[in-house]
Amino acid sequence: MKRFFFDLAGELPAHDVLGHQCRSRKEAKDHAQFVAHRIGTERPNFAKPGNYISVRDDSGNEIFEAPITSGGRPNIVRRQ
């Protein structure tokens, strides 16, 4: 399994130093959606434009952004 890092980006950034092991990029994407949705549900004041979960691979490259939203599933923006 590969390690991915899920940073909180935007108004109040937080850097993930431990990471989370995922079987694939798709699993990392799904985990980012889960984290973004949970933050938006538990902390609705974080659900605003510019706040998102940034997913990095073990090389430090950002591969996804999951916007934090207070309702429904957030969209994923794929990085090139």
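Ala32 is found in helix α1 of this predicted model. With a relative accessible area of 0%, Ala32 is buried, since anything under 20% falls in that class. Leaving aside neighbours within four places in sequence, Ala32 is in contact with Phe6, Ile53, Val55 and Ala66.

Helix α1 covers residues 25-42, 18 residues in total. From its first C-alpha to its last, α1 reaches 26 Å, close to the 26 Å expected at 1.5 Å a residue. Which residues of α1 are buried? They are Ala28, Ala32, Gln33, Ala36 and Gly40. Seen down the axis of α1, these buried residues fall within an arc of 145°, so they line one face of the helix. What do the buried residues of α1 pack against? Their partners are the strands β1 (2-9), β2 (20-22), β3 (52-56) and β4 (62-67).

Glu27 also has its place in helix α1, but at 25% relative accessibility it counts as partly exposed. Setting aside neighbours within four places in sequence, Glu27 makes contact with Gln21 and Cys22. Glu27 and Phe4 are 23 residues apart in sequence, and their C-alpha atoms are 9.9 Å apart in space.

Now for the strands. Phe5 sits in strand β1. Is Phe5 buried or exposed? Phe5 is buried, with a relative accessible area of 13%, which is under the 20% limit for that class. Not counting residues up to four places away in sequence, Phe5 touches Asp16, Val17, Leu18 and Gly19, and also Ser54, Val55, Arg56, Asp57 and Asp58. With Asp57, Phe5 forms a pair 52 residues apart along the chain whose C-alpha atoms are separated by 6.4 Å.

Pro49 and Ile68 are 19 residues apart in sequence and 8.0 Å apart from C-alpha to C-alpha.

| Pair | Separation in sequence | C-alpha distance |
|---|---|---|
| Phe5 and Asp57 | 52 residues | 6.4 Å |
| Pro49 and Ile68 | 19 residues | 8.0 Å |
| Glu27 and Phe4 | 23 residues | 9.9 Å |

Stepping back to the whole protein chain, there are one helix and five strands. From the N terminus on, the elements run β-β-α-β-β-β. Of the 80 residues in the chain, 32% count as buried. As for contacts between residues at least 6 apart in sequence, 45% join residues at least 24 apart.

Finally, a word on empty space. Rolling a probe the size of a water molecule over the atoms shows where empty space is left. How many cavities of 30 Å³ or more are there? The count comes to one, and about 30 Å³ of space lies in the largest cavity. The lining of the largest cavity is made up of Leu8, Ala9, Glu11, Leu12, Phe46 and Asn51. By class, that lining has four nonpolar residues, one polar and one charged.

Methods. Residues numbered from 1 in each chain as written. Predicted model: local features only at pLDDT ≥ 70, side-chain atom pairs only at ≥ 80, totals over all residues. Heavy atoms only, no water. 1 Å grid on protein atoms, 1.4 Å probe; cavity = no way out; pocket = protein on both sides within 12 Å on 5 of 7 lines; lining within 4 Å. Points joined across faces, edges and corners; volume = space filled by probe spheres on them. Nonpolar A, V, L, I, M, F, W, Y, C, P; charged D, E, K, R; others polar. Helix = DSSP H or I, 4+ residues; strand = E, 2+ residues; numbered from the N terminus. Expected span 1.5 Å × (residues − 1). Buried < 20%, exposed > 50% of the residue type's maximum accessible area, 1.4 Å probe, protein only. Arc of directions from axis to C-beta. Contact = heavy atoms within 4.5 Å.
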